[in-house]
Amino acid sequence: MAFDKFKDECGVAAIYSNPEAGKLAYLGLHALQHRGQESAGIVSTDGVTMYAHRSMGLVVDIFSEDVLEKLKGTLAIGHTRYSTTGDSALLNAQPIMVDCNKGMIALAHNGNLVNAQLIRSRLEAQGSIFQTTSDTEVIVHLVAQSREQTLPEAIADALRRIEGAFSLVIMSRDRVFAVRDPRGFRPLSMGRIAGGVRKDTIVFASETCAFDLIGATYERDVNPGEMLVVGPEGIYSRYFASQTAQSSCIFEHVYFSRPDSVIFGRSVAESREKLGRQLAVEAPAEADLVVPVPDSGVAAAMGYAAESGIPLRMGLIRNHYVGRTFIEPEQRVRDFGVRLKLNPVRSVLAGQRVVLIDDSIVRGTTSRKIVRMVRDAGAREVHLRISCPPTISPCFYGVDTPSKKQLIAANKSVEEIREYIDADSLAYLSLEGMKQACGESESLTYCTACYTGKYPTAFVDVEEIKPAEEPVRE
Ligand code: AMP
């Protein structure tokens, strides 16, 4: 069975003590849908049995009234995931649920472990049988194998053995555990809804936008290296690892999280607007219009427009109802894939000098098509501005980036990329500018490995960080 490597982009949610726990988890996942659109699952418990439903597809399609009816009980955890396609997708859908010597547990994971393969090989050599190809399963094996007697101790023991990015929600029959890795790569927040079964309902979610939909008030983040346990005795906090330098993912602010969320104690909308403002300072352009690539470039484009004084216009419209596969007409439409999602507004773009704002260039193929589309719609000049530095190295901590061979900025200079995407000019934000816009300080430090190639953990896949021998072509 091939092992899935660092491809999961996910969202997690947990509900402690509410008569509608399953439904609230479902709504929470719906607000986290942007973090993964391939599969989703919820496990709930009434204190006796655990009820699970996992399926491929979007949250809204998976959880019908009938399905939610069956997710009984007052505790629930949920997961939404983007993974590589293929058979492994449903097999690896989460939450994982096991009945082991520590009792029944369900677990949902956001992030990627960097030493999972190593642990798995060791456990397999000792006779463990794995059911999935995901890195997450090693955590439940480690919990089951731990010599510690109590579940909180066994979880803490397991957490000390894993390395990498993990924001976890774990559920037993009567408790919810919320955990963040010592570096705090991925976000995880705690909220509260007044009046639950006995007391208030405690909720956890990858992003605070999930709280708004379920009427919860944000209380605080789970801290890096912290395990919060919510049970009949109340809430208690413990740290399972010694303090390590924080390296929260800066790409959460650049692209991944929703602008209406507050993550790592900071508003994503504010970061994005500042990224755009800083970009306007560092890379001005003589132009008539600022046009965002929706949705990823909108907030930064607002900042760029405000700082530069150039008017913002929606020159590209996004169709939000794009499913997974589409049947293409026999007579090929140029740039069909991008056109399904984006369409230019000719009356806005014709004859104009346009500053196009997007959050990132990965392979370069999308940007190339968008620039061509904007030109075909009559734009006189297209100046592309990117609200982060060039992406030169893959992520091993839970953002789906291709290997170095496919990252255009790892293999070409900015001028070569400009030529490839056929823009009149191209500029990226500086590393310092990005960190400043995202509020880096003594109390908030970021992982910027995808821009620097400097990874905060050991165990990085050497094959994935080899540059291409031949220049990348479309
Ligand atoms: P490309 O350069 O063609 O690979 O695609 C760049 C586009 O992909 C940009 O518009 C980004 O907003 C978007 N993008 C960047 N990173 C990711 C990611 N991890 N998952 C999905 N889309 C992404």
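1. Some housekeeping before going on. This is a predicted model, where local features need pLDDT of at least 70, side-chain atom pairs count only at pLDDT 80 or more, and totals for chains, interfaces and linings use all residues. Residues are numbered from 1 along each chain as its sequence is written, and side-chain values use heavy atoms, with hydrogens and water left out.

2. On the domains: the assignment puts 8-244 in domain 1 and 270-319 + 327-438 in domain 2; bounds like these come from an automatic or database domain assignment. The two C-alpha centres are 35 Å apart. Nine residues from domain 1 and six residues from domain 2 make the contact (heavy atoms within 4.5 Å).

3. What holds for charges and polar atoms across this interface? Salt bridges (a side-chain nitrogen of Lys or Arg within 4 Å of a carboxyl oxygen of Asp or Glu) number zero between domain 1 and domain 2. Polar contacts do turn up: three residue pairs, both partners at pLDDT 80 or more. The rule there is a pair of N or O atoms within 3.5 Å; within protein, one must be able to donate a hydrogen and the other to accept it, and residues adjacent in sequence count only if both atoms are side-chain atoms.

4. Turning to rings, the whole structure has eight aromatic pairs. Rings of Phe, Tyr and Trp (its six-membered ring) pair if their centres lie within 6.5 Å, and planes under 30 degrees apart count as stacked, over 60 as edge-to-face and the rest as tilted. Phe-264 and Tyr-446 have ring centres 6.3 Å apart and planes at 70°, so this pair is edge-to-face. The partners are 182 residues apart and link distant parts of the chain: Phe-264 is in the loop between strand E15 (262-263) and strand E16 (266-267), Tyr-446 in strand E23 (residues 446-447). Helices (H or I, at least four residues) and strands (E, at least two) are DSSP runs, numbered from the N terminus.

5. Two cis peptide bonds deserve a look. One joins Gln-94 and Pro-95, with omega about 0°; Pro-95 sits in the loop between helix H4 (88-91) and strand E5 (96-100). Another joins Pro-294 and Asp-295, with omega about -5°, and Asp-295 belongs to the loop between strand E17 (289-292) and helix H11 (298-308).

6. Last, a backbone detail. Ser-17, a residue other than glycine, has a positive phi near 70°; Ser-17 lies in the loop between strand E1 (9-16) and helix H1 (21-31).
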